[in-house]
Amino acid sequence: MIRSLLAGRRWTSLRLRLLVVFALVALTAAVSASGIAYWLNREAVLTRVQEAALGDFRQEMQNRAAALPADPTPEELQRTAELMAGSSPGYSVLLVQEGKDNRQMYGAAGPDNFRLADVPKSLQNAVNDRQKTTAANDAEYHVYWQRTKPRGNPYLVGGTRIVGGGPTGYMYKSLAQERDDLNALGWSLTIATILALLGSALLAQAAARTVLKPVQRLGDAARRLGEGELDHRLEVSGTDELADLSHTFNKTAEALEKKVADMSAREEASRRFVADMSHELRTPLTALTAVAEVLEEEVEDLDPMIAPAVGLVVSETRRLNILVENLMEVTRFDAGTAKLVLDDVNVADQVTACIDARAWLDAVELDAARDIMARLDPRRLDVILANLIGNALKHGGSPVRVSVTVEDDWLVIAVQDNGPGIPEEVLPHVFDRFYKASASRPKSDGSGLGLSIAVENAHIHGGDITAANVPGAGALFTLRLPVDVGKAITGDVDA
């Protein structure tokens with residue numbers, strides 16, 4: 001269950017990080033508190049038992065062992081040991097006395113089989129070490145103790161010696177009961193630590209829900225705002241930092257909505273102005289075009305001084321007519337009113353018709369199979385081809401090579417000129433509106449809209465146009481369109 005929970009959350013999740021931090025803090029605090037509590041209780045328990053046993057042992061040595069004669073018999077030594085062990089709080093006693101023949105006599109009694117070998121050598125040396133009496137030290141012998149673990153069981157071993165040649169006494173007390181009590185305390189503290197960890201996890205979950213719920217609402221609102229729902233607002237409750245953040249978000253969304261509305265209104269007004277202006281210009285342009293055509297037919301009969309001016313008027317009138325048509329086309333794209341009129345087209349015939357209509361047959365080399373069929377808008381394909389081929393002839397020079405191929409479900413038309421290529425700094429801008437490579441020639445024959453209109457027509461088909469340079473062979477424009485535009489656009493909508 002825990003594995004599935006963690007698998008469903010990314011390690012970068014704020015909720016998961018909050019849970020981990022709470023758990024680590026709680027674990028550190030619980031372990032520290034439990035460790036300190038265990039250590040304090042352990043020292044208190046051992047100190048209490050140790051002081052009680054050693055104090056009783058010291059008193060028994062003064063009352064009973066000191067009362068033995070200077071040269072006690074083994075029976076007296078044994079009886080004294082039994083009396084000391086009988087009155088003691090559960091410890092064993094060992095009395096050691098050196099006889100006249102330098103033989104050691106022992107008296108042992110108590111619940112444990114206590115021998116001199118059970119006393120550590122370091123403790124024996126300390127007990128038998130006679131010290132000088134001074135103002136600060138009024139006794140030659142003192143009580144010494146040590147904790148040992150023979151055969152894995154804890155024991156307290158203490159010892160002292162009677163001043164003036166009396167017996168040496170040792171006490172041996174088991175600490176098994178205290179060990180069991182401390183182990184029980186350790187288990188209790190461990191369980192308490194686990195419960196504290198679980199409690200901290202629940203607390204972290206509650207805190208995460210309280211803190212992250214407004215953050216999630218803010219993220220959802222930002223997502224909806226990015227999807228265009230500019231009128232979406234957050235409910236503000238409370239006076240904390242999250243409430244301030246929600247209030248700031250609402251103010252930002254309101255300002256953004258107003259700014260987008262103003263920009264949309266200005267853009268719509270600008271688009272309407274361009275459309276109205278282009279429409280209004282068509283009527284006088286029609287008249288001007290008719291007059292220009294009449295003047296062009298009579299140019300040979302005009303005065304040689306007037307003929308160049310008439311030719312300039314005719315060319316500029318045609319250029320203005322093309323510019324107005326391009327502006328109207330751009331306006332339709334911006335307004336989203338441009339529509340496709342699909343038909344089954346023989347691509348090779350369509351390209352040939354485009355070249356023939358503009359008298360480019362001598363300057364263009366066509367490489368296209370006659371059986372390539374595509375479903376697209378033939379008028380818009382003609383506009384794309386006219387712009388690409390015309391641009392190649394104007395800026396690259398003939399011969400212009402046009403190749404038509406099919407790659408999977410894509411129709412690929414490549415237009416390559418025989419010029420110097422496109423400068424690298426110009427390549428990213430060739431499809432921009434009104435962009436011209438040379439700022440010193442703003443009044444060139446082109447309007448700067450041809451390639452942008454071509455790429456818009458490619459986009460409305462679900463395709464694209466790319467521009468690149470072929471080393472030593474001029475510029476290359478590649479048009480990619482779906483073979484079946486209707487099917488491709490329907491698939492995109494379904495997806």
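This is a predicted model: local features need pLDDT of at least 70, side-chain atom pairs count only at pLDDT 80 or more; totals for chains, interfaces and linings use all residues.
Reader: Which residue does the side chain of arginine 370 meet in a salt bridge?

Author: That would be aspartate 349, with 3.0 Å from N to O. Aspartate 349 is partly exposed, at a relative accessible area of 43%. Look at where the two sit: arginine 370 is in the loop between strand 7 (364–368) and strand 8, while aspartate 349 belongs to helix 8. They are 21 residues apart, and the pair links distant parts of the chain.

Reader: How many salt bridges are there by this rule?

Author: The count comes to 11. Another one to find joins arginine 375 and aspartate 344, whose closest N and O atoms are 3.3 Å apart. This pair also links distant parts of the chain, with arginine 375 in strand 8 and aspartate 344 in strand 6 (residues 343–346), 31 residues apart. Arginine 375 counts as partly exposed, at 32% relative accessibility.

Reader: And what about glutamate 43 and arginine 42, how do their side chains meet?

Author: Those side chains meet in a salt bridge too, at 3.2 Å from N to O. Glutamate 43 counts as partly exposed, with 26% relative accessibility. Arginine 42 is partly exposed as well, at 30%.

Reader: Let's turn to the inside. How many residues does the largest nonpolar core have?

Author: First, the general idea: in soluble globular proteins, nonpolar side chains tend to be buried together. In this structure, the largest nonpolar core has 38 residues, and Ile413, Ile465 and Leu479 are those with the most contacts inside it. Several elements give two or more residues to this core, including strand 9 (400–407), strand 10 (410–416), helix 10 (450–460) and strand 12 (474–482). Helix 9 gives the largest share, 7 residues.

Reader: Now the rings. How is a pair of aromatic rings described?

Author: By two things, the distance of the centres and the angle of the planes. This structure holds 4 aromatic pairs. Take phenylalanine 57 and tyrosine 91: their ring centres are 6.3 Å apart and their planes are at 85 degrees, so the pair is edge-to-face. It links distant parts of the chain, with phenylalanine 57 in helix 2 (residues 14–63) and tyrosine 91 in strand 1 (residues 91–98), 34 residues apart. Both phenylalanine 57 and tyrosine 91 are buried.

Reader: What kind of aromatic pair do phenylalanine 114 and tyrosine 172 form?

Author: A stacked one, at 4.5 Å centre to centre with 5 degrees between the planes. Phenylalanine 114 lies in the loop between strand 2 (104–109) and helix 4 (121–128), and tyrosine 172 lies in strand 5 (residues 168–174). These two are 58 residues apart, and both are buried.

Reader: Which residues form one aromatic cluster?

Author: Phe114 and Tyr172 again, together with Tyr155.

Key: Residues are numbered from 1 along each chain as its sequence is written. Side-chain values use heavy atoms; hydrogens and water are left out. A nonpolar core is a set of buried Ala, Val, Leu, Ile, Met, Phe, Trp, Tyr and Cys residues joined through side-chain atoms within 4.5 Å. Buried means under 20% relative accessible area, exposed over 50%, partly exposed in between (1.4 Å probe, protein chains only). Helices (H or I, at least four residues) and strands (E, at least two) are DSSP runs, numbered from the N terminus. A salt bridge is a side-chain nitrogen of Lys or Arg within 4 Å of a carboxyl oxygen of Asp or Glu. Rings of Phe, Tyr and Trp (its six-membered ring) pair if their centres lie within 6.5 Å; planes under 30 degrees apart count as stacked, over 60 as edge-to-face and the rest as tilted.
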